[in-house]
Amino acid sequence: MRNSIFFLLAVICSSAFAETRLPAVFSDGMIVQRDTQIAVWGRDEPGQRVSVRAGWGERATTRADVNGRWRLMLDTPGAGGPFMLTVKGSSRVERRDVLVGEVWFASGQSNMDMRVRGNTNQPIIGSNEAVLNAGNNRIRLFTAERQYSEEPMDDMVGAWQVAAPASVKEFSAVGWFFAEKIGKLVDVPVGIISSAWGGSNVESWIDADTLSAYGHLAFWEATKGQPERRTPSLMYNGMLHPFLGYGIRGVIWYQGESNRSRPDEYLVLFPAMVASWREQWGIGDFPFYYAQIAPKDWEGGNSAFLREAQLHSMSAGPNMGMAVTLDVGECDQIHPAEKRTVADRLAYWALARDYGFDAIGFSGPVYREMEVTAEGKAVLRFDHAPRGLSSFGRELAGFEIAGQDRVFHPAQAAIAAREVTVSVWSEQVPEPVAVRYAFEDCPPASLYNTEGLPASSFRTDDWPE
């Protein structure tokens, strides 16, 4: 009899505590990606039947597996809402005020994490006006609180918030300005998820299996004594893995400063990270647009090599684009104040490539090829300059030229009157072999296309550093 009572109490307690649980990203006020099929997932009792009904008319049913995990797919309509999302399992869970629109994932290190309010003694230009005019019920913000783990995590701390002065003030500046522009021009609800950690390197955002496959390093041994944000896979496990599968349009990324001393590795690891995220997200080759690191005077090394690795990464996979920041850097500051410009340039890629705004420029000039004339001038040609090049009234600066001796000398440069070319020359180099532009830590930016977008640092040679 006593054993029966204990058994009955155990059953009652088990039933009382059985519940259906959703990750934090499925909270009230969330935005789900439109015109696609989204994943919805959570936890429940093993074997429990779980049904999900969406207010736009879709429903699906599944059962929790032996570990209590369940996952199912729902079709989404065009932009609209608000809707309710109802989940029934061991208990009933309702998510209200759900909008359908465009969702972007914003990640990287401190320049992505930097809030609209700015940092102490580090302002964001236009922040006060941005906060003042932030009220917008059709833009929703999700900030993932910092967490790291040696194993992939399934959830995080955070919740969707409606864009308002208080919430925008504490949100990623690049993320907010990007979402604001997309929302205004595409005229749909926009959800922006910020999951970033200052000082993190690219290795920390890559899963262990991918790192091992590239033979980059012995997973834990290579980084003993490093902080968590620079330990392989810890950011991936804590800050990325919980979101994998959530319906998104694409990713915006701002990172690279912590890898500036290892540009050759970055050129391998960054595209590998993008490819692994896409594979694990399971929604195809979604757009991945990233900001090049801005000029700054660093101690030791030349960060232009990292900018070059980022430039070359654009051709390492499909649907990748880079926003050049050569003209918004601050030589004494790692966090440039001009975050709206960075966000605008990221948004140009999305607007032109993903939303049909094909009349706009979205990339600065990209060096294509060089030829040397009989007069000893190096003539450079560029892509992404359909109506030519400009210095906007300033003298072209930052060009260097070298001959067979590989010694670079300051050079003169001029934009051809009726061609998309720049001629570069120096009396000290009568037979040029190579040209470099803005190839130092904190150079001036002087070369643009006529859409006002700057060229990246570049070089025509591949000589060792």
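## Questions on a predicted fold

The protein exposes about 20,200 Å², and carbon and sulfur atoms supply 47% of it (Shrake-Rupley method, 1.4 Å probe; for residues, only the protein chains shown count as cover). This is a predicted model: local features need pLDDT of at least 70, side-chain atom pairs count only at pLDDT 80 or more, and totals for chains, interfaces and linings use all residues. Residues are numbered from 1 along each chain as its sequence is written, and side-chain values use heavy atoms, without hydrogens and water.

Biologist: What radius of gyration does the protein have?

Modeller: The value is taken over C-alpha atoms, and the globule rule is 2.2 Å times the number of residues to the power 0.38. For 465 residues, a compact globule would come near 23 Å. The protein agrees with that, at 25 Å.

Biologist: What share of the residues counts as buried?

Modeller: Buried means under 20% relative accessible area, exposed over 50%, and partly exposed in between (1.4 Å probe, protein chains only). Of the 465 residues, the buried share is 55%.

Biologist: Which elements do the buried residues of H9 pack against?

Modeller: Contact means heavy atoms within 4.5 Å. The buried set includes Phe305, Leu306 and Arg307. Its packing partners are helix H8 (263–281) and strands E12 (288–291), E13 (320–323), E14 (366–372) and E23 (458–459).

Biologist: Which backbone nitrogen lies 3.0 Å from a polar atom of the side chain of Asn302?

Modeller: Asn302 sits in the loop between E12 and H9. A polar contact is a pair of N or O atoms within 3.5 Å; within protein, one must be able to donate a hydrogen and the other to accept it, and residues adjacent in sequence count only if both atoms are side-chain atoms. The side chain of Asn302 has a polar atom 3.2 Å from the backbone oxygen of Phe439. At 3.0 Å, the backbone nitrogen belongs to Ala304.

Biologist: Which residue stands opposite Ala291 in E13?

Modeller: Two strands pair if DSSP finds at least two bridges between them. E12 and E13 run parallel, joined by four bridges. In a regular strand the side chains alternate between the two faces of the sheet. From E13, Met320 and Met322 point one way, Gly321 and Ala323 the other, and all are buried; the residue opposite Ala291 is Ala323.

Biologist: Which are the edge strands of the open sheet of four strands?

Modeller: The order is E14-E15-E20-E19, with antiparallel pairing. An edge strand here pairs on one side only, which picks out E14 and E19 (412–415).

Biologist: What is the bridge partner of Met370 in E15?

Modeller: E15 covers residues 378–383 and runs antiparallel to E14. Six bridges join the two. The partner of Met370 is Leu380.

Biologist: Which side chain joins that of Ser258 by a polar contact of 3.1 Å?

Modeller: Ser258 is in the loop between strand E11 (250–254) and H8. Its relative accessibility is 17%, so Ser258 counts as buried. A polar atom of its side chain lies 2.9 Å from the backbone oxygen of Gly199. The side chain at 3.1 Å is that of Gln109.
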